[in-house]
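The sequence and structure are shown first.

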Amino acid sequence: MAQVKPSVTLLEYTPNPERTIALAAKLCYSDATIANLKEGLDDDNAAKFIARLRSFGHASPFEHANFTFGIEGVSRSLLAQITRHRIASFSVKSQRYVDANKAGTTFNYVIPESIEALGEEYVEKFKKQMDTMHGWYTEWQTLLGGACEKSNEDARFVLPNAAETKMIVTMNARELFNFFKLRCCNRAQWEIREVAWKMLELVLEVAPAVFADCGAACVSGACSEGKMTCGKMLEVRAKQKQLLEKAKKQ
């Protein structure tokens, strides 16, 4: 058992996502053949056309670009949140088929930032509680017939939300716009917010024109949280701008 931290990797994405989106959009406004439209498209005019698309809210062409992420070191609590984004595909490490006692697949866990902030004494207390729950899991495995699918599926009921999970997630660009708007916000829960910012950084590197004004709602407009605003709009915008400038330099 060990503490883990969120890790995000961009595994795959639609080749030339900016050109793909621009081509799909241009087709809507032209009687030219697809071959001719494609031939006249380069990175520069694709980026300019995408900026126009975003400005007048033509969102459907962005659904043609998909991005697949590998996410590790996150909790089952995060899993419950991210799967609320239903226009996405998920493959998740199973607590039924994966034995939490086997070497290499032990019951790792995430420690909340608020508990870490209390100091080492409380971190150790949290770790001992995780050890206790792991003991419960092992005991129920044994009582239910040993380490196998049938015992794991019910022994897992005593595992906490802190238990680590891993997943592969695919979203199209349009869904990512919505995901970043909600989850990059300072009002979002800290773990999914950290994952969302990592995801945004990765897609900016491969499709800066597509995600140039993405992030929390306040990046490109007013705060959407009303009276519950964090009051840090300028800081959020500065963080997003820094990521965008970094991506453009690469």
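In what order do the 4 strands of the open sheet lie, and is their pairing parallel or antiparallel? In this predicted model, the order is β1-β2-β4-β3, and the strands pair in antiparallel fashion. The edge positions are taken by β1 (7-13) and β3 (89-92); each has a single partner strand, so one side of each lacks a neighbour in the sheet. On average, neighbouring strands of this sheet are turned by 20° against each other, direction ignored.

The pairing of β3 with β4 (residues 164-172) is antiparallel and comprises 4 bridges. Across this pair, S91 stands opposite I168 in β4.

Two helices are placed against these strands. Helix α8 (residues 173-183) lies across β2 (66-75) and β4. Helix α9 (residues 190-206) packs on the sheet and touches β1 and β2. The table lists the angle of each helix to one strand.

| Helix | Strands involved | Angle |
|---|---|---|
| α8 (residues 173-183) | β2 and β4 | about 125° to β4 |
| α9 (residues 190-206) | β1 and β2 | about 150° to β2 |

A further feature concerns the surface. W136, W140, L143 and L144 make up a nonpolar patch there, and their accessible area together is about 430 Å². Of these residues, L144 is located in the loop between α6 (120-143) and α7 (149-155). Is L144 buried, partly exposed or exposed? With a relative accessible area of 39%, L144 is partly exposed; this value qualifies L144 for the patch because patch residues require over 30% relative accessible area.

Conventions. Residues numbered from 1 in each chain as written. Predicted model: local features only at pLDDT ≥ 70, side-chain atom pairs only at ≥ 80, totals over all residues. Heavy atoms only, no water. Patch = residues over 30% accessible without salt bridge, like charges linked within 9 Å, V, L, I, M, F, W, Y side chains within 5 Å. Areas by Shrake-Rupley, 256 points an atom, 1.4 Å probe, with all protein chains shown as cover. Salt bridge = Lys/Arg side-chain N within 4 Å of Asp/Glu carboxyl O. Buried < 20%, exposed > 50% of the residue type's maximum accessible area, 1.4 Å probe, protein only. Pairing = 2+ DSSP bridges. Axes fitted to C-alpha atoms, helices over the stretch in contact; angles between N-to-C directions. Contact = heavy atoms within 4.5 Å.
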